[in-house]
Amino acid sequence: MPFIPHTSADVRTMLEAIGVPNIETLFEEIPSALRIGALEGVPSALNELQVLQLMSARAREDGRPLCFIGAGAYDHFIPSAVWSLITRGEFYSAYTPYQAEASQGTLQSIYEFQSMITALTGMAVSNASMYEGATAVAEACLMAVRANRKSKSARILIPRSMHPHYRAVARATTANQGLVLEELPFARASGQTLAETLKSYEGSDITALVIQQPNFFGVLEEVDELTDWAHAQGALVIAAINPTSLALLKPPGQWGAKGADIAIGDGQPLGCPLSSGGPYFGFMTARMEHVRQMPGRIVGRTVDLDGRRGFTLTLQAREQHIRRGKATSNICTNQGLLMMAGTVYMALLGAQGLEHVATACMSRTAELVAALTALPGVRPMFGGAHFHETVLRLDRPVAPILEALAARNIEGGFDLSPYYPEFGPSLLVCATESRTSADISAYALALGDVLKNVRAA
Amino acid sequence: MSETAASTQSLAPPEPLVFEYSRPGRGAYSLWPSAEGAAPAIPAHLRRAAPPALPAASELDIVRHYTRLSQLNFSIDTHFYPLGSCTMKYNPRACNAAALMPEFAGRHPLASAAHSQGFLACMYELQEMLKGVSGMQGVALSPMAGAHGEFAGVAMIRAYHRSRGDLERREIIVPEAAHGTNPATAAMCGCVAREVAVGADGDVDLAALRAAVGPRTAGIMLTNPSTLGVFERHIEEVARIVHEAGGLLYYDGANLNAILGKVRPGDMGFDVIHMNLHKTFSTPHGGGGPGAGAVGVGPRLLPFMPVPVVAQEVGRYRLLDEKDLPQSIGRLTGFMGNAGVLLRAYVYMRMLGRDGMSRVGDYATLNSNYLLAKLRQAGFVAAYPERRASHEFILTLKEMAREQGVTAMDIAKRLLDYGFHAPTTYFPLLVAECLLIEPTETESLQTLDAFVAAMSAIREEALKDPELLHSAPHSMPVRRLDDVRAARELDLAWRPAAT
C-alpha cells in the first residue's frame, strides 16, 4: 500500500491488542448516515514512475520561455548549494521548532536570518517570516494601527504606484477591521509619489504612510523626503522594499531623519524559484520599540542550564497559541523553508556578491531598455533613476504583442494597461542577471518582427 | 545526571554563528555574476553608504555550517515525530522532485496562457480532487497556511451575512478546546470569539450551544474529530442548531487525516472548510512552513471565494479574478499562493488515488488506537477512556504530576533522549498535564512498539529517579533553555563588534 508499511500480520496483531475484529469497528462512533462509499472526483492511483511521467509531460507543455517579466517575482540565479542544503530532510521535514532542544538547527538558522535581514534593512528586529510580500504589507498596516497609539483614525496612505496585487491583498485583509486605506496619486511625468501631492493630507490624523522602493514601475522614490513628511504628521512609515536592491540603495532604517518604522518585503529574490508565485517568503523588520506589536515567530539567543549558548522562540505572548483572540495576528505556519533559502542565499553571496547581483540587474535592464526603445513605436514612460525594471510606452495594444511573443517562446513583460488605463498601451519589463546579451538581442529582434505584424492603435 | 547520559555529551564546540566564519576578503566568488556593461548611476542621496554586515565566507564554510546545523534537528526523516494535531507523516520525495522540475520551478506567476496550461491542469485537477474528499462545491487554492484558510473562511461568512443585509452577526462560536488560531482568526475578521463548553465525554455541550446561538451568531468553527481526539457524535444536531439560528459552520481541517475517505465535512453540514495540505496531503513542514490552506465551500458561499480560482473553459484553463467573481472577498495572495506546495500535494494525491485516500483514514486510526491501547496497558491514563481514539488521542499525566512531581513537559523532554520527538504538550488546555499523540499512518508497528517501550522506561524512571526527568534532556545539543532570560534580555540579532 502506498506509504503504509503494515503487513496483514501486523494488522492482526494490532486489532487483537485493541480488542476489535476489524478496522471498520474503529469508526463506529461516526453516525452511519454520514459514511460514504467510493470517493468521487479522485482517480485511481499512479505509481511514482507514472506520476513523474505525467508531471514531465505537463511541465513540457509549459516549456521554458525566456522571461522578461518582473512585477514582484524575479528570475534570479540560485546557487546550487541553496536548495541542496534546504531540502536536506532535517530541514525539509522538521516541524515548527517548539521543542527547542531538538530544533537548534532551525532556531539558529532563524536567528541568523533575523541578523542578516536586519543588517540589510538597517532595522533593529525581524520576525521569522510572513507568507509573502503582499500579506506582509497587510500585516504591517495592522501592526501600524496597534503601534501608533496617538493616531485614532486607522487611516493608511498607500501609493497607487505600489504593486496593484499588494494593494488588493492589503484591502481584503484589513477591511473587516475597519482600516481605511487611501490611495495616493503619483506624478505622471516621473512615476514618483511627490511630497507636494501630500499637502492636502497635512494636519489630518494619518496612522501610517506606505512607501515602496523601488516602486511598481521600477522607479526610485524620494524616500527621505516622504519619510520626514510622514513623521512630521505623526504617521509611522512602512517601507516596502526589494531586498536585492538594498545592496545598492539606502536601507529603510536610514530613510529621512529617523528612519522607517516598519520595513517589509518579499524575500523571493533571495533564493526562491519563481514557481508560479510561491512558495516565497515575506519578511518583516521594525524598530525595537515596536517589537511587541509584531506578528509571527521571533527567535532569541539565550543560555541553557549549563550556560551554553542556545536559541529559542521568544515573546510568544504575542502569538495565537498563547494569546488566542488577543494575539497580534492569527499566523501560525509561516514560510520557514523559504526563509532558510534566503538565509543560505545571503550567507553564500555576502554583501559583495549581492552588490554584484544588483549591479548586474541594473546594467542588464539598461541594455534591454536601450535595445527595445531603439524600435519604432517603443518609448520609455518615465525618465529618472530605475532599479531593474521599467515601463515602456507602446503605440499599439499590448495584449496581442505579448501573445505573439509568447508564441516565439518569449514572455515579454507585464501589461499595465488594465491596471493603469491612463497610460494607454504600456508594458513593464525586467531583466535580471540571468538574462544574457544574446537573450536581450533575441527579444529585440522578435519584438521588431511582431511590431511589423500587429497593427498600430 | 546518569553516566550514560554524560557519555553522550560531545567534546566538539557548538556550531559557531555563520558570521564567525567571516574573514575580510573571503567570499564564494564563483557565485557572483559577471559585471559586464555599465550600470546607470543611482543618485547619491538614495545610495547605500556602508555595505550590510553579511557573512564573508567560502562556499565550503557555508555548506558545512548549514549541514551541521541541519544535524541538530529532529525531523520526520530522522525520528518518529508523533506531534498531535500536526500530522507528521512521511513526505514522499517524488512530490519535491516534480515541483522542482525546471519548467515548474522557472514558471513566472504572470506567464502567458501559452505557457500555463500544464501547470493549470494540475491545479484544476487538484481543486476537483479536494472537492471530492471534502464534499464541497467549490475550492480555492490560494490561502497559504491553515490560519490563512481560516481567514478566508470567516471573511466569506461575513461577506455572506453582509450580502443579506444581516449586519449584526459578528460572533464566532468556538469550543473551549479549539486551536488558538480559531479565536485569533475571528479577531482578524473583526468578529468576537464566544466559547462554548465541551462535555465530560468530549462532545460539544448541546445545551450550552443552544444558549449561545442567536441573532449575533455569524458561525461556529469546529474540528471534527475534535482537538480532543474524538469524533463529535452530535455533529448533525450541532449543524441544525447553528443553521436554524442563522449561522454558518466552519470546518477546521487540521484533523482531516482521521476521516479521509470515510466521511466528508460537506455531508456533515459544514458550509466552508480549510484543508491543511501540509498535514493531510503530506507536503513538508519545512521547520515551520510553507503550508497550504486550500478552502472548500458549499453552495451558500460559492460567490464569495477568494481569487484566483482555476476554471476550465473549452479545454483551456484560466484564472478567474474579481471580474469573474464580483462578490469575491478579494485577493489574499500576491499571485496564486504557495503554488509549489500545491504541486507537491497534487502529486501525493495522484499517488494515493481513490483507494489510497480511505486507507489513510483507516491506518491513521488503527495506529492511533493501537498506540493508545498499548500505552494504557503500560499504565498511562487516557483522557477519554470511554471513547474510540481518532487519528490522535490524549493522555493525562495529572496522577504522575501529583504523586511523583513529574510533568508532561518532563516526559516530553525525556523522550528526546530516547530518540523520539515529543508529542504536543499542554494542548488542548482543557486537559491537565496532557500529551496529544498522533502517530500517522506511515509509521510501522515496530516503531510504535519502540515508542511504547520508551514511554514505559520513562515511567519507571519517574518512579525511581524523578530528578532525571526534571533535568532532561541530557543528550541533545543543548539542555533546557532559559526562556525567561530570552524574553527579558532580548538578543534577536547578531551585530558586529563596534570598532
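Student: Which domains make up chain A?
Tutor: Domain bounds come from an automatic or database domain assignment. Chain A is divided into domain 1 (8-54), domain 2 (66-76 + 351-453) and domain 3 (80-345). The C-alpha centres of domain 1 of chain A and domain 2 of chain A lie 53 Å apart. This is a predicted model: local features need pLDDT of at least 70, side-chain atom pairs count only at pLDDT 80 or more, and totals for chains, interfaces and linings use all residues. Residues are numbered from 1 along each chain as its sequence is written, with chains lettered from A and ligands numbered from 1 in the order in which they are written.

Student: How many residues of chain A are in contact with chain B?
Tutor: Contact means C-beta atoms, placed from the backbone, within 7 Å. Here 168 residues of chain A are in contact with 173 residues of chain B. Helix H10 (residues 336-373) of chain A gives the most to that side of chain A, with 22 residues. Helices are DSSP runs (H or I, at least four residues), numbered from the N terminus.

Student: Which residues of H14(B) are buried?
Tutor: Buried means 20 or more other C-beta atoms within 10 Å of a residue's own; exposed means 12 or fewer; partly exposed is in between; C-beta atoms are placed from the backbone. In H14(B), the buried ones are B:Leu448, B:Phe451, B:Met455, B:Ile458, B:Glu461 and B:Ala462. Seen down the axis of H14(B), they fall within an arc of 135°, so they line one face of the helix. That arc is taken from the directions from the helix axis to the C-beta atoms.

Student: Which exposed residues does the face turned away carry?
Tutor: On H14(B), they are B:Gln446, B:Glu460, B:Leu463 and B:Lys464.

How values were computed. Helix = DSSP H or I, 4+ residues; strand = E, 2+ residues; numbered from the N terminus. Contact = placed C-beta atoms within 7 Å.
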